[in-house]
Amino acid sequence: MITLNLLHPIDNTPIQTWKFESKSVIRIGRSGDNDVILYSSVVSRYHVELHRHAQHWEIVNIGTNGIHINDQPIDNERVQDGMTIRLATTGPKLQILLKT
């Protein structure tokens, strides 16, 4: 299972949560056909994909404004339990929780 928490911009508490048990690809963006829809002008229509592999998840940037971890831009990265990503330099933050 993978859980995504949209974090409040000031105090980093979860304000919305999505849970997925059986998906192999989770799509995140502004477009209505994504699995996680975020209404922010800095979020691309198709911004991020999470890909499940046999033993881990991978985050892949597909948007024009990028993804940041610890204020560093990334193109793809192995997901670590509890990690927080930011969509664009000033966009929404998502916390990723894994359950094995």
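Visitor: Where is Tyr-46 found?
Guide: This is a predicted model, in which local features need pLDDT of at least 70, side-chain atom pairs count only at pLDDT 80 or more, and totals for chains, interfaces and linings use all residues. Residues are numbered from 1 along each chain as its sequence is written, and side-chain values use heavy atoms, with hydrogens and water left out. Strands are DSSP runs (E, at least two residues), numbered from the N terminus. Tyr-46 is found in the loop between S4 and S5.

Visitor: Why is Tyr-46 classed as partly exposed?
Guide: Buried means under 20% relative accessible area and exposed means over 50%, with partly exposed in between (1.4 Å probe, protein chains only). Tyr-46 is partly exposed because its relative accessible area is 38%.

Visitor: Which side chain makes a polar contact of 2.9 Å with that of Tyr-46?
Guide: Contact means heavy atoms within 4.5 Å; beyond its neighbours within four places in sequence, Tyr-46 is in contact with residues including Ile-28, Ser-31 and Asp-33. A polar contact is a pair of N or O atoms within 3.5 Å; within protein, one must be able to donate a hydrogen and the other to accept it, and residues adjacent in sequence count only if both atoms are side-chain atoms. The side chain of Ser-31 makes one with Tyr-46 at 3.2 Å. At 2.9 Å, the partner is Asp-33.

Visitor: In S4, what is the bridge partner of Ile-28?
Guide: Two strands pair if DSSP finds at least two bridges between them. In S4, the partner of Ile-28 is Val-36.

Visitor: Which strands are the edge strands of the open sheet?
Guide: The open sheet has 5 strands in the order S4-S3-S5-S6-S9, with mixed pairing. S3 and S5 run antiparallel, with 4 bridges, and S5 and S6 are also antiparallel, over 5 bridges. Those that pair on one side only are S4 and S9.
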